[in-house]
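Open the model in your viewer and keep the selection tool at hand. The tour goes stop by stop.

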Amino acid sequence: MEDLDQEQAIPTTISMSNKKKQLLSTAMKRTSEWIFSLEIPSDVTVNVGGASFSLHKFPLVSKCGYIRKLVSKSSDTDLSLIQIPEIPGGAEAFELAAKFCYGVNFEINTENIAMLRCTAEFLEMTEDYVVGNLVGRTEAYLNEVALKSISGAVSVLHSSENFGEIAESIKLVSRCIDAIAYIACKESRFCLSGRSESSTERVIPSSVSHPKPLIDCWAEELTVLRIDVFQRVLYAMMARGFKHHALGPVLMLYAQKSLRDLVRIPSRNIKEMFGKGRKKKEPKQEHEKRVVLETVVSLLPREKNAISVSFLSLLLRAAIYLETMVACRLDLEKRLGLQLSQAVLDDLLIPSYSFTGDTLFDVDTVQRIMMNYLEYEAEGNRHRLGYNGDDEFVSPPPSDVERVGKLMESYLAEIASDRNLTVSKFISLAEVVPEQARITEDGMYRAIDIYLKAHPALSDMERKKACSLMDCQKLSREACAHAAQNDRLPVQTVVQVLYYEQQRLRDVMNGNFIGGESLAFPPSKMNVYTADIHPVVPDELSSLKRENETLKIELVKMKMKLKEIEKPSNTSTIGSPLANTLPSADKLPLPRKSFINSMSKKLGKLYPFVRSEGHTPPKTRTTPAKYRRHSIS
C-alpha cells in the first residue's frame, strides 16, 4: 500500500511542478513584455562576436541557464557587462535568442533552425528553466517540419556543418543523415527489399546503368554538402539497402559541381592548353579538390556500366592534374580498362600535364589502360570459353576486341604527329594491340605513315622497326596501292607489299578460292575487298590482267632501284644493273609461271617476304657469295 501511494504521489508532484513552470513562464513573459513596452533602461551589456547588446538581466536570466550561472557566480553584485566570446552563430544567433527571451516574434525556417538549436543548447535554454523554451521549440520544428523532407533535412545538415562539435553532440547531424537516407530509400526503386540479390552480380544492364532522371529530384540537393558529410549520407543509404550501382549518377552530379573546372575539359582543345602552361591553384583549394576527387573515386560502384566511360576519363584527367594518390589513378585506369570497348577516341586523349618537353598526350597511361583491358579480356575468355548444352564448343564474340583494336589504331594515328613521341614508345604502344583485334592493317599502316611523315629524321633501322608492326598480307587494295608509291616506307617494305599483291592477284586469276576467300589469307582474316568475290567474269578477268601487268612493271622498276642501291664495287666485271634487268622486261609476255619463278629467284635473297604459316616462297639455288655480301636484308 505504501508503494502504491508513492507511485500515485510521483505523477502528482510532476504535474504540480509543470503547473508552476507554466505559471512562472506566463509571469516572465508578461514581465518581459512590460519591460520591452515601457522602454526601461538596460542594466546589462552583452558583448558577442564584436557586437554589443544593451539588454535587461531579468528576461535573460529567466530563460538562459548560461547567463544565469554567470550572474550568480559573479562577485560583482551589480554585474553590468557580460562577455560571450564563442557562441554558435555569433551575434546573429544571440540576437534571435534575445528576441525569444523578450517574447518578440521571428521566423523559424530550415535556414536558421540549426543555428537556433545549437545556440539554444549553448545558452542552456532548456525546459528546466521555463516551459516552451527555445530548445523545445526548435526540437518541435525539426521533428514536425524540417526532417520530414529531403530538401529540409539537407538544408539543416548543410547549415550544421558550420557548428562542428556542438551539432554532433546534440545528434543533429546524425538525425539529418538518417532522415535523408530513410526518405531516399523509401522513394527510390533502387532500394533492396531483401538480401536475395546475388552479391556477385558485376554487370548492370544498360537500362539500369543511367537511372539519373529517377533520382535527380533529390540527388541535386546533396551536392551542397561537404564531402565528408556527403560520404556519410551515402553510407547511411547503403546501410538501409540502397543499391550501390544506383549511386553512380549521384556521384557524377556531385563531382561535376565540386570539380566543375576540372571535369569539363574538352579533349579536342587540349592542345591549346599547352601554350599557356598549367595554372596552379591555391594550395588549400587544390588540397580540398584532391580530397573530393579521391573520396568520389573510392565511392564509385564496382559494377560494370554503372559509370560512363567518358566520365571515368574526365575523373582520370582531373586525378592526373591534381596529382592524387597513385592508388586513385590506378583504380580509374582499371575501371577504364574494364569498359574500354565502350570508349571513343576523345576518352583516350588524356593530356600530359608535364611541360618538360614530354609528349603532348599521356601515352603511358593509355598503355596501362590497354594492358588492363587485355587482362580482363583474358580472364573473361577463361570464364566464357566452354561448352553449351549440346556439348558444342563456344568461343567469345570478337566484336569487342575488334572495336578496341580500331580504337587503338585511331589513337596511334592521333598521337603519331607528336614530334616528341619516340619511336620506341610508339612501337611499344602499337605492340600492345593484339593481332586478333586487327582485321586489316589499314589503320596500323595509316598510323605508321603519319608517324614517318612527322619524323623525317628517323634512321633506316628505326623506319624498318616501325614498319615491322604491320602485316603486309592484311592490307586492303587501296592501302597496297598507296604503299607502293609511298617514298617514306623502306624499300624492303614496298617490295614486300608488291610481292603479296602479286601473289594475291595470281591466286585470283588461278581461281584459287575457297568460299570466296583468297588462299593468301587465313579464313578469319580475309580482306574486305575479296570478301564478295565469286567466279570471275570476263570483264573482271581482263581488268585483273591489266593490273597484274602494271604490278609486274612496278616490280621490275623496284628491282632496278634496289640493284642501284646495292651496286657492288666491281661493277665492271659484273655488268650494269640496267643490262641485267632489261632482259626481265623482255620476259613480260612469257607465261606467269616463268615470270614468278625468275622473280622469286632474284628476290629470295633480299628478304623473307612470307610470314604466314603454311606458305613459303619458291625454292632458289644458292647464290654466289658476292651477291650475299652486298644484301641489304
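A crossing of two helices is left-handed if the near helix is turned anticlockwise from the far one by less than a right angle, and right-handed if clockwise. Keep that in mind for the first stop. Note also that this is a predicted model.

**Stop 1: helix 15 and helix 16**

Select residues 309-322, which make up helix 15, and residues 326-338, which make up helix 16. Which hand does their crossing have? Helix 15 passes helix 16 in a left-handed crossing. The two axes come within 10 Å and cross at roughly 155°. Angles over 145 degrees count as roughly antiparallel, so helix 15 and helix 16 are roughly antiparallel to each other.

Now pick Glu323, in the loop between helix 15 and helix 16. Its phi is positive, about 55°, although Glu323 is not a glycine. Glu323 is partly exposed, at 49% relative accessibility.

Step back to Asn305, in the loop between helix 14 (283-299) and helix 15. Asn305 also has a positive phi, near 75°, and is a residue other than glycine. Is Asn305 buried or exposed? At 18% relative accessibility, Asn305 counts as buried.

**Stop 2: the cysteines**

Select Cys101 and Cys64. How many disulfides are there? The count comes to zero. The cysteine sulfur nearest to that of Cys101 belongs to Cys64, 3.7 Å away. A disulfide needs the sulfur atoms within 2.5 Å, so Cys101 is in no disulfide.

Cys101 is buried, with a relative accessible area of 1%. Cys64 is buried too, at 2%. Look for Cys64 in the loop between helix 2 (57-63) and helix 3.

From Cys64, draw a distance to Phe122. Their C-alpha atoms are separated by 9.3 Å, though the residues are 58 apart along the chain.

**Stop 3: aromatic pairs**

Show the aromatic side chains. A search of the whole structure finds seven aromatic pairs. Two of them are on this tour.

Start with Tyr66 and Phe122. Their rings form a tilted pair, 5.1 Å centre to centre, with 35° between the planes. What does the pair tie together? Tyr66 lies in helix 3 (residues 65-73) and Phe122 in helix 5 (residues 113-122), so the pair links parts that are 56 residues apart in sequence. Tyr66 is partly exposed, with a relative accessible area of 21%. Phe122 is partly exposed as well, at 22%.

Next, select Trp218 and Phe242. The ring centres are 6.0 Å apart and the planes are at 85°, so this pair is edge-to-face. Trp218 sits in helix 10 (residues 212-222). Phe242 is in the loop between helix 11 (227-239) and helix 12 (248-258). The pair therefore ties together parts that are 24 residues apart in sequence. Trp218 is buried, at 4% relative accessibility. Phe242 is buried, at 3%.

**Stop 4: a charge over a ring**

Select Lys63 and Phe100. The charged end of Lys63 sits over the ring of Phe100, 4.7 Å from its centre.

**Stop 5: helix 12**

Finish by selecting helix 12. How many of its 11 residues are buried? Eight are, so helix 12 is largely enclosed by the rest of the structure.

Note on methods: Residues are numbered from 1 along each chain as its sequence is written. This is a predicted model: local features need pLDDT of at least 70, side-chain atom pairs count only at pLDDT 80 or more; totals for chains, interfaces and linings use all residues. Side-chain values use heavy atoms; hydrogens and water are left out. Rings of Phe, Tyr and Trp (its six-membered ring) pair if their centres lie within 6.5 Å; planes under 30 degrees apart count as stacked, over 60 as edge-to-face and the rest as tilted. Helices (H or I, at least four residues) and strands (E, at least two) are DSSP runs, numbered from the N terminus. Buried means under 20% relative accessible area, exposed over 50%, partly exposed in between (1.4 Å probe, protein chains only). A charge sits over a ring if NZ of Lys or CZ of Arg is within 6 Å of the ring centre and within 35 degrees of the ring normal. Axes are lines fitted to C-alpha atoms, for helices over the stretch in contact, and angles run from 0 to 180 degrees between N-to-C directions. Angles under 35 degrees count as roughly parallel, over 145 as roughly antiparallel, 65 to 115 as roughly perpendicular and the rest as oblique.
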